[in-house]
Amino acid sequence: MRHSQNNIKTLQRYYHDMLLIRRFEEKVLSFFDVSNKNKIFGTTHVYIGQEAVAVGVCSKLRQNDFITSTHRGHGHFLAKGGDPARIMAELFGKVTGYSKGKGGTQHMGDLSIGHLGSNGITGGGLPIATGAGFSIQYQKQDQVVVCFFGDGAANEGMFHESLNMAAIWSLPIIFICENNLYAMSTPIKNSFSVPDIATRACAYGIEGVIVDGMCVLDVAAKTEAAVEKARGGGGPTLLECKTYRFLGHSKNDLCAYRTREEESEWRKKDPLVQMETCLHHEGMSLQEFTAISNEVNQTIEDAVRFADDSPWPSSQELFTDLYC
Amino acid sequence: MKNVFYLKAIQEALIEEIERDPSVFLMGEDIGEYGGCFGVTRGMLKTFGSKRVVDLPMSETSFMGMAVGAAITGLRPIVEIMFMDFITLSSDAIINHAIKLRYIFGGGVKVPLVIRAPSGAGKRYGSSHSQSLESLFMNFPGLKIVAPSTPADAKGLLKSAIRDDNPVLFIENKGLYWTKGNIPESECLIPIGVANIRREGCDVTIATYSRMVDLALEAAQDLATEGIHVEVLDLRSLAPLDTDTLFNSVSKTGRLVTLEEGYLPTGVGAELSSLVVEHLFSRLKSPIYRIACEAVPIPYSPVLEDLAIPSKDKVIATIKKSCNFQSNTIYVRNKWNHQEHRMDI
């Protein structure tokens, strides 16, 4: 299938945004390396392998649409328009970070771009997204909310309660379940009685859609339909994006619970490689690829420099921002 | 001034704030047609419609999170927890989200959320419908907690809570709903974080709040006839605590008894006691004594429930113990049968 010039621009944008997330995450991991002086602390959950979901979904959102994110949230933040430099600075624990260094990877957001926060509590974003949807309806706005969560969260009571409330009030929410097959180490086959999480939607009388989470075009198309429905007052949709995290749950996970064969099967569906192939077919030149790659590298480099050069929070920061 | 029930004072605050601010709305289980489990919102659905009085499914875990989501996106939700005991189901949204979001967003968000929680025992409701869990929540930074004892304070503090841009836990005691008191005809906001001396006295301070204030006042009245002058301090706010008023009172009397309806271990009294010892150690003439719900699940049988929760007799006895303190005598409780015995040291 040949794409029009306009569409090629869109494809290039997808490619750029996914590459940005991939390189950002690779950079993040490198800072846990002792040789890199441990610039990032604690733990982190990288998004590598799942980039098509965040990018495809957020490409169909307006700036003032809301998202709630997860523990694996850097990709969502970047795709929603977050500044890589300020995200990196937050991970470095610096005062220029989105949370002035008080939040860290699982606790940051930016209301000005509709990001209601990454979340360290599995499923914690589901009710918050429901509340944001309620707020939109109450204030008669035409925004929508995207609620990102994983397969693990779909077994929390909050999943049931939130989808039920969103359904009974017909709230403008798109529930995006990123099914990467493992809740930390627990495979879905041990924790679900149904093969497809999307089928649970019928329990709430809403539409459940299965999405190829490795294909940004499929994600974008199915999100677009759900967003249109939500914006038009048609209520919530549950999209189950079948995807895979190429790396472990968190930085120290050696993935003993899954096979290398399984990993290499999924690697073949790498959303970035798929998009590269697609763009090659569309006749994108090597120079154009290099240009995108260089631009992304520059952005990441700038982000790291910004984070590095930024000051630590002052001791006064400990007690600010607790109360209004 | 007009004389109204505590419950009515709460309702007046809700009505006035809903009328004043279009972003204020109520959410809770059975608060619409039914009027709330205790009737606090009776008639409000009819007046304000289902947009402002939102009946919720029984989903305490998520509806509290939903209130947080609504609060950070422009609304001012007031959530009714049917019985305070059920707040444990909602605790994740409060502890991990509501009170942290502002801090972890580096100040980039506000969470104007009020949680109304009917607390208190003495109604023979048994162990899951009688607790006063406020001290549990005093452990968490970022939350304000108020616990009014009179209709005027209930109305004034609730209005302040609704206008506050921070999450506020509003403790309304079930045992106070049908008690009466005077409230001003005109608007009167009570600031959060300011205690109130309800009765002045020079011998001993009793620091308490909510329904226990009446018990303290009754005991103080009785003790006055015996020449013991008790200062009754109504804390009104548990977070932030009005330590100035507390310290001034205790530095005057030199004695402190704390009184609460929640459980004794690590309760409000433990916090007050620690603060006073830290700051007024040399002024104390006697140990600080704590009166609270005994450390047992609140029993159903009237005989047992009355033994578990603070009584006037217990308050009087404890105040006397404080006033008659001699440094060579201590009272020790057996850790198994809880009987107190005197020990001379």
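What radius of gyration would a compact globule with 324 residues have, and what does chain A have? For a compact globule of that length the radius of gyration would be near 20 Å, and chain A of this predicted model has 19 Å, which agrees. The C-alpha atoms of chain A, taken along the principal axes, fill a box of roughly 55 × 50 × 40 Å. Of the 324 residues in chain A, 51% are buried. Among the contacts in chain A with a separation of 6 or more, 75% are accounted for by residues 24 or more positions apart. The secondary structure of chain A consists of 11 helices and 7 strands.

The interface between the chains was examined next. In chain A, 37 residues are in contact with 33 residues of chain B. On the side of chain A that touches chain B, α5 (125-138) and α6 (157-168) each supply at least two residues. The largest share of that side comes from α5(A), with 10 residues. By residue class, the side of chain A that touches chain B divides into 18 nonpolar, 14 polar and 5 charged residues.

The crossing of α6(A) and α3(B) is right-handed. From α6(A), the contact is made by G157(A), M158(A), E161(A), S162(A) and M165(A). From α3(B), the contact is made by T61(B), S62(B), G65(B) and M66(B). The residues of this contact between α6(A) and α3(B) divide into 3 nonpolar, 5 polar and 1 charged.

In chain B, 7 strands form an open sheet with mixed pairing, in the order β3-β2-β4-β5-β7-β6-β12. The edge strands are β3 (53-55) and β12 (237-239) of chain B, each of which pairs on one side only. From one strand to the next, the twist averages 20°. Within the sheet, β6 (residues 144-146) and β7 (residues 168-173) of chain B pair in the parallel sense over 3 bridges. In this pairing K144(B) stands opposite V168(B) in β7(B).

Two helices of chain B were considered against the sheet. Helix α2 (residues 44-52) of chain B packs on the sheet and touches β2 (24-28) and β3 of chain B. The direction of this helix makes about 70° with that of β3(B). Helix α3(B) also packs on the sheet, touching β2 and β4 (76-80) of chain B, and its direction makes about 165° with that of β4(B).

Q137(A) is found in helix α5 of chain A. This residue counts as partly exposed because Q137(A) has 17 C-beta neighbours inside 10 Å, whereas a buried residue needs 20 or more and an exposed one has 12 or fewer. Leaving aside neighbours within four places in sequence, Q137(A) is in contact with W169(A), L171(A) and P172(A). For one of these, L171(A), which lies 34 residues from Q137(A) along the chain, the C-alpha atoms of the two residues are separated by 6.8 Å.

Terms used: Residues are numbered from 1 along each chain as its sequence is written. Chains are lettered from A and ligands numbered from 1 in the order in which they are written. This is a predicted model: local features need pLDDT of at least 70, side-chain atom pairs count only at pLDDT 80 or more; totals for chains, interfaces and linings use all residues. Two residues are in contact if their C-beta atoms, placed from the backbone, lie within 7 Å. Helices (H or I, at least four residues) and strands (E, at least two) are DSSP runs, numbered from the N terminus. Ala, Val, Leu, Ile, Met, Phe, Trp, Tyr, Cys and Pro count as nonpolar, Asp, Glu, Lys and Arg as charged, and the others, Gly among them, as polar. The radius of gyration is taken over C-alpha atoms; the globule rule is 2.2 Å times the number of residues to the power 0.38. A crossing is left-handed if the near helix is turned anticlockwise from the far one by less than a right angle, and right-handed if clockwise. Two strands pair if DSSP finds at least two bridges between them. Axes are lines fitted to C-alpha atoms, for helices over the stretch in contact, and angles run from 0 to 180 degrees between N-to-C directions.
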